[in-house]
Amino acid sequence: MSLTATYKLSARLFWRDKGMLPASVITPLGLAIGMPALMRDVQADGVTAATQMFVGTLALILSGTAFLNITVALTMRRDQLLLKRLRTTRLTDRQILLGEVANTVTQTVALMIVSAVAVHLLADVPLPRNPVLFAVFAVAGSAVLATLGVAWTAAIPRGELAAPMTLPFFFLAGLASGAMGWIMDLLPSWLHPLLATLPTSAVVDAVRASYGPGTLGSDLTAAAVPALVLAVWAGVALLSIRRWFRWESRRS
Amino acid sequence: MAAIQVNHLSKSYGGFQAVNDISFEVEAGTVFALLGRNGAGKTTTMELLTGFQKPDAGSVRVLGLDPFKDRSRVRGNVGIMVQEAGFFPDLTAGQTVGIWRDFTPAARPASEALELAGLTAKAKTKVRQLSGGEKRRLDLALALLGEPDVLFLDEPTTGMDPEARRNIWKVVRDLAAGGTTVLLTTHYLEEAQQLATNLAIMDRGEIVLGGDMAETLAARVGQVSFELPSVSHAGELPLPATVRGRLAVVKAADPDLAAQTLLGWASERGLRLRGLEVRTASLEDLFLELARNDEMSQTNAPARSDHGTRSDRPARSGGAGA
Amino acid sequence: MREVLAVARLGGRLFWGDGRAVGGIAALGVCLGAGLPLLIAASLRSRDVDVVLGMHLGMLAMVLTIVATTQTAVTLSTRREMLVLKRLRASGLRGRAIIGGELVNIVTQATLLSAVVSVILYTFTYLPPPELPLLFAACVVAVAGVLALIGVVFSIVTRRPDLNAPATIPFILATTVGAGGYGPFVTGLLPGWVRWTLDLLPTGAMVEIARLAYRGGELTTLTGPVLNLTVWALLGLVAVRLLFRWDPRR
């Protein structure tokens, strides 16, 4: 019951917050739809390039709508002592954070689905061949990114630094998954496997498999490493939250 | 049975001993006031009692449970009005109460909670438009939602006008009459005297005085003061007095009795005691007395004279420009 | 002027006194501003000063936008919300001293960061220092100032402090793409009108001036970019003058 309550509160705060929507919804959505649409028109092999680009931009949705958003919201609420106030109620710490994470996952997955449909209509990007694989990694990826966002708040001294300290990940994620063009080709090759271990890259790899040709068997093989990567990041996030999460501003 | 039990509780931040080995109990259904100057350790004590902080040493039991370890179980029967906690500025007072009802099992109807806190007229007002005192009342409405057995009020009437303050007092008294245990901190001595049956006065993290309100006050001296008749001198008075200028002051445990004695003495001699004033002990006197003792101990031990600049807690870092 | 410096000193003390914030911003700026060009220079098979310089300026545009625009927007609206601006005003400081002091402080940070990033690149890559170092420095200071001024406008438009940083993200993306931070290919892919529009951003002007500073050339070709920065600065000043609020929204 209480989890639904925190979920409802987070959702209400998110959607009634008209000011936040351009950043948390419109920008990632615009990039995820606009960039592939641009590719479709300017590239020779337009549809393939658009598909490549679209799958890459999912990393931007994940790091913008899930990671950045939850980090900014939680640090601000921590600074305004709203988390403290929530803790005066019967809610457990877990319920407060889970409600926030669950809400973030809903929004992120919704945006991923909307953008998949939109690029299908606007840029002829096909729908995923294996929608289950797409869906599973959309949900798991959003959940891991949101949890990492919760963990990252511990490193942020003040709310106003939340966005500047989180933006690099947004760019790193976009860079690593090809959402920012082909800078990757310019980077040294030893860096590629490192960038592939980012949680956003793991999701993008699995989703790429769900778009490409393959069978159930090949999909499972393709999903194995990304699943492992996400599991490791989830573990890291949960342990850091346990160890370092702060409910109130630092007092030192 | 005691609703709140505190045993040898200590807490320090960095090198600063905020709470130092305090013990007290609050009987169920009574109102207990925690008094002290800024930096005395009241808020830290409150944070320990409400389970926001973990004690360094000693124990706290609220309704028999450890508020830190069993936080969610304790929360079910406890209402907390914290001194510093935010609201969502863009929700209205009514919406805030509505959302909080979702968090609270068997919550009062929203209208009832708003009514109790005197906020019915502001139900549709956004929190950011409420005054400081109105925010305190919204805080109270949230604390009362779950019909708690124990209510923690950290400076409940700060920022309120006198009328609002009296209304809150009435609510607290009614709740206590209904069996709710209340622990409150306050700067206002009158508030403590009006509401509380028991008290503890804290200074530098320690309880310097505590117990039953009436007994505590009775044990302190009252005083009778008057203008010493020009024909008399202090030695003639039937009771020991100190004289400053022409003003004689007689200290007595029962100032009414002392006044009668003095008046009797004066009428036997056909004298009048001009400007006669009888004062029973008040918390105010108690505070002044404690402060005076404090000054004296300070002149003896100047090394401890830094307490005036301390705050309840070390200042939070950050807060742009704050 | 004394007041402006007093406010700048206050802002500076708050910023530099906060080790974590300094570390965070410095690490971010250096990683973004120096890291990517460094890696690219290291991995290119043949020396290609053009690509490295392009990346350097593109990433510099991104770092300056984050440090100047985003930081200013967030800092000012946080201070407004916490009533610090009101308190400063109550102390008798004039509005322009308060905002000006903040700008001075931010521009100093941005300039220092740019210097660190550039020196790293001169040391560890074959990117040569600019032919006209003073022009490059002046350009960084001016662009940081204009970007910070735009940050003030952001703090007016998006009222809540938690919204400011996310609200500037589209702007950061635009300045970065426009300045070539996404690599030469992406910029090449953009339709002409998009490129033209992006060049109108202050960072577009920065790239032009900085390129000239690195390579040397006729200063008279800079009329366009200088005019561009002037127009942005004027627009910003007018918007701030007309719209700036000291109190939080009620």
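Helices here are DSSP runs of H or I with at least four residues, and strands are E runs of at least two. I keep that in mind for every helix figure below. The model is predicted.

**Chain A, annotated spans.** I started with residues 96-121 of chain A. The span is 100% helix and 0% strand. Its end C-alpha atoms are 38 Å apart. I then looked up the record. UniProt, in an unreviewed entry, places "transmembrane region" at residues 20-39, 51-75, 96-121, 133-155, 167-184 and 220-241 of chain A. Residues 51-75 of chain A are 100% helix and 0% strand. The end C-alpha atoms of that span lie 35 Å apart.

**Chain A, helix H9.** Next I took H9(A), residues 199-211. This helix has 13 residues and reaches 19 Å from its first C-alpha to its last. That is close to the 18 Å expected at 1.5 Å a residue. Is H9(A) mostly covered or mostly open? I found it mostly covered, with 11 of its 13 residues buried. I noted the buried residues of H9(A), among them Pro199(A), Val203(A), Val204(A), Val207(A) and Tyr211(A). Ala202(A), Ala206(A) and Ala209(A) are also buried. Which helices do the buried residues of H9(A) pack against? I listed H3 (46-79), H6 (131-152), H7 (162-176), H8 (191-196) and H10 (216-244) of chain A.

**Chain B, domains.** I looked up the division of chain B. Domain 1 covers 2-217 and domain 2 covers 221-279. I took their centres over C-alpha atoms, and 44 Å separate the two.

**Chain C, overall.** I counted 11 helices and zero strands in chain C. The C-alpha atoms of chain C fill a box of roughly 60 × 40 × 30 Å along the principal axes. Why do I say that the radius of gyration agrees with a compact globule? A compact globule of 250 residues would have a radius near 18 Å, and chain C has 18 Å. I also checked burial: 51% of the 250 residues of chain C count as buried. For contacts in chain C with a separation of 6 or more, 83% come from residues 24 or more positions apart.

**Chain C, annotated spans.** UniProt, again in an unreviewed entry, places "transmembrane region" at residues 21-44, 56-76, 97-122, 134-157, 169-194 and 226-244 of chain C. I looked at two of these. Residues 97-122 of chain C are 100% helix and 0% strand, with end C-alpha atoms 37 Å apart. Residues 226-244 of chain C are 95% helix and 0% strand, with end C-alpha atoms 26 Å apart.

Conventions. Residues are numbered from 1 along each chain as its sequence is written. Chains are lettered from A and ligands numbered from 1 in the order in which they are written. This is a predicted model: local features need pLDDT of at least 70, side-chain atom pairs count only at pLDDT 80 or more; totals for chains, interfaces and linings use all residues. The radius of gyration is taken over C-alpha atoms; the globule rule is 2.2 Å times the number of residues to the power 0.38. A residue is buried if 20 or more other C-beta atoms lie within 10 Å of its own, exposed if 12 or fewer, and partly exposed in between; C-beta atoms are placed from the backbone. Two residues are in contact if their C-beta atoms, placed from the backbone, lie within 7 Å. UniProt positions are given in the numbering used here, feature names are shortened, and annotations may be inferred rather than shown by experiment. Domain bounds come from an automatic or database domain assignment. The expected span of a helix is 1.5 Å times one less than its number of residues.
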